Amino acid sequence: MELSNQIKKYRKEMNLSQEELAEQIFVTRQSISNWETNRSYPDIHSLLLLSSFFHISLDQLIKGDIEAMREEVNKEDIQKFNRYGTKFAVILLLFIVSVVPLTVYFSYLGLAVSAVLYAVGLYYALAIEKYKKKFNIQTYREILAFTEGKKLDEIEKAKEYGKRPYQKVLLALLAPIVAFFAGIGITWLAKYMFL
């Protein structure tokens with residue numbers, strides 16, 4: 001974080017010891033030491049006193065930290081979204097491939113295992129949907145840009161926003177067709193491979 005460096009830099013520019021700065025902003029020398037070594041972070045009152053004492057804006061004092069925190073949050077969100085997506089894809093594939101063999105060979109126990117896989121997959125699907133809603137990403141291009149940590153410019157956002165209704169209609173039309181062919185495939189697999 002930059003704040004520790006900022007405090008140290010401005011304190012040294014004013015030729016102050018940690019103890020002298022501590023007296024000026026009504027904290028202990030240990031607090032100043034902890035702030036400068038990133039062991040702790042000043043509260044809002046101390047930040048205001050520091051910015052006033054150093055004759056700089058609060059924004060100037062902590063700007064580097066805000067940007068670093070924002071980037072860290074974005075990285076964490078992107079990584080979590082990608083993990084959820086990977087887990088969902090693996091569970092969905094596992095469910096599709098295993099539902100017929102489990103049911104044929106293990107009957108009700110196989111159905112129970114399939115139901116558990118389905119429930120876990122549903123959990124990850126809902127988690128992904130929450131992220132999509134939180135970051136207002138719906139189209140493939142928006143999702144792809146988010147997973148790569150990029151942002152669309154205003155024109156690209158407007159174009160993608162215009163595509164959303166069409167993609168939803170297309171999805172509503174394609175979902176039953178995909179489900180129909182998946183059902184035929186599973187039936188064929190069950191009929192010729194396991195029975």
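This passage describes the overall build of a predicted model and then turns to one of its helices and the neighbours around that helix.

The chain contains seven helices and zero strands, and reading along the sequence gives the pattern α-α-α-α-α-α-α. The C-alpha trace spans about 85 × 45 × 20 Å along its principal axes. The radius of gyration of the protein chain is 28 Å, whereas a compact globule of 195 residues would have a value near 16 Å. Of the 195 residues in the chain, 28% are buried. The chain exposes about 13600 Å² of surface, and carbon and sulfur atoms supply 65% of that area. Contacts along the chain can also be sorted by how far apart the partners sit in sequence: among contacts between residues at least 6 apart, 57% join residues at least 24 apart.

Helix 2 covers residues 18–25 and helix 3 covers residues 29–36; their axes come within 8 Å and cross at roughly 110°. Angles of 65 to 115 degrees count as roughly perpendicular, and helix 2 and helix 3 are therefore roughly perpendicular to each other. On the helix 2 side, the contact is made by Q18, E19, L21, A22 and I25, while helix 3 brings R29, I32, S33, W35 and E36. Sorted by class, this contact has five nonpolar, two polar and three charged residues.

Which of its residues are buried? They are I32, S33, N34, W35 and E36. The cover over the buried residues of helix 3 includes helix 1 (3–13), helix 2 and helix 4 (44–54).

Is N34 buried or exposed? Buried means under 20% relative accessible area, and N34, with a relative accessible area of 17%, is therefore buried. Once its neighbours within four places in sequence are left aside, N34 is in contact with R39 and S40. Helix 3 is followed by N38, a residue whose phi is positive, near 65°.

Notes:
Residues numbered from 1 in each chain as written. Predicted model: local features only at pLDDT ≥ 70, side-chain atom pairs only at ≥ 80, totals over all residues. Heavy atoms only, no water. Axes fitted to C-alpha atoms, helices over the stretch in contact; angles between N-to-C directions. Helix = DSSP H or I, 4+ residues; strand = E, 2+ residues; numbered from the N terminus. Parallel < 35°, antiparallel > 145°, perpendicular 65-115°, else oblique. Contact = heavy atoms within 4.5 Å. Nonpolar A, V, L, I, M, F, W, Y, C, P; charged D, E, K, R; others polar. Rg over C-alpha atoms; globule rule 2.2 N^0.38 Å. Buried < 20%, exposed > 50% of the residue type's maximum accessible area, 1.4 Å probe, protein only. Areas by Shrake-Rupley, 256 points an atom, 1.4 Å probe, with all protein chains shown as cover.
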